[in-house]
Amino acid sequence: EAQSSFRAMQKKYPGQLGSRSPIIKKVDGKKGTSYRALVGPFASREEATRFCSGYSGAGGQCWVP
């Protein structure tokens, strides 16, 4: 499902995600297991922040851990 969701987001935000591949992470939380599609790695925190700003500006949700 995470792969499928990421592909849908690539179609919605081709300028930001079109050439990227997801990194899928399993998350075990209080509400059960879920999976996250992450984008990266980036050469620096600044590069990740620039990507996140552009993606958020296009309407996506993003954060830099």
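Visitor: Which residues lie nearest the centre of the largest pocket, and how many line it?

Guide: Rolling a probe the size of a water molecule over the atoms shows where empty space is left. On a 1 Å grid over the protein atoms alone, a pocket is an open set of points where a 1.4 Å probe fits, with protein on both sides within 12 Å along at least five of seven lines, and lining residues have an atom within 4 Å of a point. Here 25 residues line the largest pocket, and Ala-37, Leu-38, Val-39, Gln-61 and Trp-63 lie nearest its centre. Helix H1 (2-12), E2 and helix H3 (45-57) are the elements that give two or more residues to this lining. Please keep in mind that this is a predicted model, where local features need pLDDT of at least 70, side-chain atom pairs count only at pLDDT 80 or more, and totals for chains, interfaces and linings use all residues. Residues are numbered from 1 along each chain as its sequence is written, and side-chain values use heavy atoms, with hydrogens and water left out.

Visitor: What elements does the chain have, and in which order do they run?

Guide: Helices (H or I, at least four residues) and strands (E, at least two) are DSSP runs, numbered from the N terminus. This chain has three helices and two strands, in the order α-α-β-β-α from the N terminus on.

Visitor: How many bridges join strand E1 to strand E2?

Guide: Two strands pair if DSSP finds at least two bridges between them. In this model, eight bridges join E1 (residues 22-29) to E2 (residues 32-39), and the two strands run antiparallel. A hairpin of two residues links E1 to E2.

Visitor: Which residues make up the largest nonpolar core?

Guide: In soluble globular proteins, nonpolar side chains tend to be buried together. A nonpolar core is a set of buried Ala, Val, Leu, Ile, Met, Phe, Trp, Tyr and Cys residues joined through side-chain atoms within 4.5 Å. The largest one here has five residues: Phe-6, Tyr-13, Leu-17, Phe-51 and Tyr-55.

Visitor: Why does Phe-51 count as buried?

Guide: Buried means under 20% relative accessible area, exposed over 50%, and partly exposed in between (1.4 Å probe, protein chains only). Phe-51 counts as buried because its relative accessibility is 14%. You will find Phe-51 in helix H3. Across the chain, buried residues make up 17% of the 65 residues.

Visitor: What is Phe-51 in contact with?

Guide: Contact means heavy atoms within 4.5 Å. Leaving aside neighbours within four places in sequence, Phe-51 is in contact with Gln-16, Leu-17, Arg-20, Val-39, Phe-42 and Cys-62. Phe-51 and Cys-62 are eleven residues apart along the chain, and their C-alpha atoms are separated by 9.0 Å.

Visitor: Is Gln-10 buried or exposed?

Guide: Gln-10, in helix H1, counts as buried because its relative accessibility is 18%. Its contacts, leaving aside neighbours within four places in sequence, are Leu-17, Gly-18 and Arg-20.
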